[in-house]
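Please keep the sequence and the structure in view as you read.

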Amino acid sequence: MADVRIQGVAKRYGDRAVLADLDLVIPDGECFTLLGPSGCGKTVLLRLVAGFETPAAGRISLGEVIVADAADGTMVPPNERGIGMVFQDYAVWPHMTVADNVAYPLKLARVPVEDLRRRTQAAVEMVGLKGMETRLPSELSGGQQQRVALARALVSEPRLLLLDEPLNNLDANLREEMRFEIKSLQKTLGVTVFYVTHDQEIALGISDRVAVMDAKGRLRQIGTPEEIYERPADAFVFGFLGLANFLPVRRDASGWRVGADGPAWTEAPPDLGDETLFAGFRPSDVILSREGEGLAGTVIRASFLGAMMDYLIDVGGTSIRAALNSHDCLDKGLMFAEGEACRVGLAAFHWFPHTSLEDAQ
Ligand SMILES: Nc1ncnc2c1ncn2[C@@H]1O[C@H](COP(=O)(O)OP(=O)(O)OP(=O)(O)O)[C@@H](O)[C@H]1O
Ligand SMILES: [Mg+2]
């Protein structure tokens, strides 16, 4: 069993608190992603789990074993935690062949040579590098080097795999391919994966569950990719999961309207105890028309991006982005020019209180 249990963990550098009172449980066999902005403490948390950092408070357990406990000073060294790791700068050793790189952890653990050869070969094949065993990293592409790092992390048959932005240095196509491969390896091996990234597409694409962390190292929401995307806990989560528009909707004497003197908002928002609320929606949630229903707007910018039209539209003093299928725009006479009037409808949106928007973007 390799469930990861993080209880009340804190980490400080000098007087700067990076993590405070953090609780997180990753069940055995889960592919779990921690998603958060740069500098929020993702790498620090992985290093705490790996054993390269000591928590200032709290306890970390892997399965039945407490590996770190600030209360009594328990600190199991990294090589005794049964963990495989691929770090941000996946660093394979340049002077060693693929096979030697992959075999290295087994060599350190003094695994007998026959066993070492067999397991190294299995790990090399698992990541699709069969036939490249004698190559040096300089003779490999970035994606292949990444596979070496992955094989090296898996060769010791870890109970837990920690992945710190392992796909950062790859181009978009390769990143997508590796994403699927990591996911399928994880399912085949049944290993628990703790993945950290600031890339929401990777997080949504790879994970059984995702935790969203804000810049101050606080967890805002934990759920399946569908849950956090469809039911964001707050504006920060919504804003972090993709391009987001926020329209301010204010109460005045005559009812509700957009901004100070924008178009009227006909259906009253839920009572969140605020005089100004924000309607949050994605560019793809916008339904455009030339007249009729919808909020009156003006097209500020129209960009043809091939498959999509990307419009910037002023609605009551707020600029919003709209993404529409180009074919649809052509078919329905919705190729707007800059300066033209339009109507904005929303296929879906979420209400957010004023306060939750302050640190949303
Ligand atoms: N050894 C250290 N000494 C002092 N401060 C540190 C140390 N390691 C990390 N920090 C600080 O802790 C904070 C969190 O760093 P961390 O590396 O965990 O961010 P991250 O979420 O991994 O960001 P990124 O997405 O850019 O990799 C940062 O403000 C960083 O400067
Ligand atoms: Mg990091």
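Q: What percentage of the 361 residues in the chain is buried?
A: In this predicted model, a residue counts as buried if 20 or more other C-beta atoms lie within 10 Å of its own. Applied to the 361 residues in the chain, that cut-off gives a buried share of 36%.

Q: How many helices and strands does the chain have, and what does its C-alpha trace span along the principal axes?
A: The chain has nine helices and 21 strands. Along its principal axes, the C-alpha trace spans about 80 × 50 × 35 Å.

Q: What share of the contacts with a separation of 6 or more comes from residues 24 or more positions apart?
A: Two residues are in contact if their C-beta atoms lie within 7 Å. Among the contacts in the chain with a separation of 6 or more, the share that comes from residues 24 or more positions apart is 66%.

Q: In which order do the strands of the six-stranded open sheet lie, and which strands stand at its edges?
A: The pairing in this open sheet is mixed, and the order is E7-E8-E9-E3-E10-E11. Each edge strand has a single partner strand, so one side of each is left without a neighbour in the sheet, and these edge strands are E7 and E11 (219-223). From one strand to the next, the twist averages 15°.

Q: Which residue in E8 stands opposite Ile83?
A: Strand E7 (residues 83-86) and strand E8 (residues 160-164) run parallel and are joined by four bridges. Ile83 and Met85 point one way from E7, whereas Gly84 and Val86 point the other way, and all are buried. The residue in E8 that stands opposite Ile83 is Leu160.

Q: Are H2 and H4 roughly parallel or roughly antiparallel to each other?
A: The axes of H2 and H4 come within 7 Å and cross at roughly 30°. Angles under 35 degrees count as roughly parallel, and therefore the answer for H2 and H4 is roughly parallel.

Q: How many nonpolar, polar and charged residues are there in the contact of H2 with H4?
A: H2 passes H4 in a right-handed crossing. On the H2 side the residues are Val98, Asn101, Val102, Tyr104 and Pro105, and they meet Val148, Ala151 and Arg152 in H4. By class, this contact has six nonpolar, one polar and one charged residues.

Q: At what angle do the axes of H2 and H3 cross, and what does that make H2 relative to H3?
A: The axes of helix H2 (residues 98-108) and helix H3 (residues 113-126) come within 9 Å, and they cross at roughly 125°. That angle makes H2 oblique to H3.

Q: Which strands are the edge strands of the five-stranded open sheet?
A: This sheet has antiparallel pairing, in the order E16-E20-E17-E18-E19. An edge strand here pairs on one side only, and the two edge strands are E16 (286-289) and E19 (318-325).

Q: Which residue in E20 stands opposite Ile287?
A: Four bridges join E16 to strand E20 (residues 341-346), and the two strands run antiparallel. Opposite Ile287, the residue in E20 is Gly345.

Q: Is Ala17 buried, partly exposed or exposed?
A: Ala17 is found in strand E2 (residues 16-26). A residue needs 20 or more other C-beta atoms within 10 Å to be buried and 12 or fewer to be exposed. Because Ala17 has 15 within that distance, Ala17 is partly exposed.

Q: How far apart in space are Ala17 and Gly217?
A: In sequence, Ala17 and Gly217 are 200 residues apart. In space, C-alpha to C-alpha, the distance is 8.9 Å.

Terms used
Residues numbered from 1 in each chain as written. Chains lettered and ligands numbered in written order. Predicted model: local features only at pLDDT ≥ 70, side-chain atom pairs only at ≥ 80, totals over all residues. Axes fitted to C-alpha atoms, helices over the stretch in contact; angles between N-to-C directions. Parallel < 35°, antiparallel > 145°, perpendicular 65-115°, else oblique. Pairing = 2+ DSSP bridges. Left-handed = near helix turned anticlockwise from the far one by under 90°. Nonpolar A, V, L, I, M, F, W, Y, C, P; charged D, E, K, R; others polar.
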